[in-house]
Each structure stands twice: as C-alpha cells, then as structure tokens.
Amino acid sequence: MNIVIKQEQVKDYKITEEVVKNAFANAEHSDKNEHHLVSRIRNSNVFIPELSLVAMDNDDNKQVGHIILSKIKIKNEDQVVESLALAPVSVLPEYQNQGVGKLLISKALQKAKELRFNSVVVLGHPEYYPKFGFKKASTWGIKTPFEVPDEAFMAVELGENTLDKVSGVVEYPHVFFE
C-alpha cells in the first residue's frame, strides 16, 4: 500500500463524498450524513481548501480517505478566539486500521500549523486522538454547546501554550447543524 496525502481538488468532490459516505456506512456513532456535512462545509465561509485533504492509494490510483478542518470560534464574555474543528476524518472500511487516518490527521495538523492556526478541537474517540497530542478540552475550560462526555471532546495546541489564555464555548458554524 502506497498512500499519498494531497489537497482535495474540486474534481475530487464527488468521489470524496462517496468515500465519506462509505467510511461511515457501518459506524456505530453516526447519523450517516457526514458526506452532507463535508459538502456544506465546502460551500461555506468556514472552508479552508488547504485543510481539506485526501488519501490516495497510488498502487490502485484510488481515493481511500479524507479529512477536513474548518473554522470555528471559542467564545466567552471577554474574547472570541478563532480555532479549527476536525470533522470528519474518513477512511474506507477496507483501509481502516492500516494507518491511513493517522497519516491524514498528522498531515492536517501540520498544515494547520503552517497556516498559523493555534488549535484544533475534535469530538471523537478518547483512546485515539491523544496520540496526536489532543487532551480533554475542559483542561483549558473549553466546552461544547451541547452535551457530550467530557473525555470525548478534545483540543490540541498547534504551538507552545497557544490555549493558555483561551476558554469558553465552541461556536460551531450553522453548517454543522443543517
């Protein structure tokens, strides 16, 4: 398996949505609409093309995964801080548990840092995301606007102490709730 991570192009959109749909087809914690979320993000002002990445299996010239990071805000009564949400990361079932997701997440976080973003939040598996540096968002006093288990809502700093003076509630863009 020869996996290459590259920026998603407009010509990839239809295939990406199929990959996302198939990746979540049998997922336990899924509304089966993640592919619609990806499309809505792309058509919104929170979309950052450089942070929409695809995983290609060069041996088969086939797209096997996708990740998207989009803009969010962390707000409290004193400040509004821009951050990113990682949602969703998708890997075709037959390529799962082979390191494709790890490659996508690592590359997306690296690219976000290069673009001078300071942090990323994710709602996900508490056993998986800490290997990328994610910690409970509550560590910094960052909360979601909805009920989720504390250990499942995480954040990562993309620089040294970039969340030290940040706290508040994450404001997800409307495209996450349509």
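Does Phe134 count as buried or exposed? In this predicted model, Phe134 has a relative accessibility of 2% and counts as buried. Its partner in an edge-to-face aromatic pair is Tyr129. The two ring centres lie 5.7 Å apart, with 80 degrees between the planes. Tyr129 is buried as well, at a relative accessible area of 7%. Both residues belong to one aromatic cluster, together with Tyr128 and Phe132. Across the whole structure, a search finds 7 aromatic pairs.

Another aromatic pair is formed by Phe146 and Tyr172. This pair is stacked, at 5.8 Å centre to centre and 25 degrees between the planes. Phe146 lies in the loop between E7 and strand E8 (153–157), and Tyr172 in the segment after E9, so the pair ties together parts that are 26 residues apart in sequence. Phe146 is partly exposed, with 31% relative accessibility. Tyr172 is buried, at 13%. Phe146 also contributes to a nonpolar surface patch of about 280 Å², along with Leu123 and Phe177. Phe177, like Tyr172, lies in the segment after strand E9 (168–171).

Strand E9 has pairings with two strands described here. With strand E3 (residues 62–75), the pairing is antiparallel and spans 3 bridges. Here Lys73 has Glu171 of E9 as its bridge partner. With strand E7 (residues 142–143), the pairing is parallel and spans 2 bridges. Ile142 is bridged to Gly168 of E9.

A charged group also meets an aromatic ring. The charged end of Arg42 sits over the ring of Tyr13, 3.8 Å from the ring centre.

How values were computed: Residues numbered from 1 in each chain as written. Predicted model: local features only at pLDDT ≥ 70, side-chain atom pairs only at ≥ 80, totals over all residues. Heavy atoms only, no water. Patch = residues over 30% accessible without salt bridge, like charges linked within 9 Å, V, L, I, M, F, W, Y side chains within 5 Å. Areas by Shrake-Rupley, 256 points an atom, 1.4 Å probe, with all protein chains shown as cover. Salt bridge = Lys/Arg side-chain N within 4 Å of Asp/Glu carboxyl O. Helix = DSSP H or I, 4+ residues; strand = E, 2+ residues; numbered from the N terminus. Pairing = 2+ DSSP bridges. Phe/Tyr/Trp six-rings, centres within 6.5 Å; stacked < 30°, edge-to-face > 60°. Buried < 20%, exposed > 50% of the residue type's maximum accessible area, 1.4 Å probe, protein only. Lys NZ or Arg CZ within 6 Å of the ring centre and 35° of its normal.
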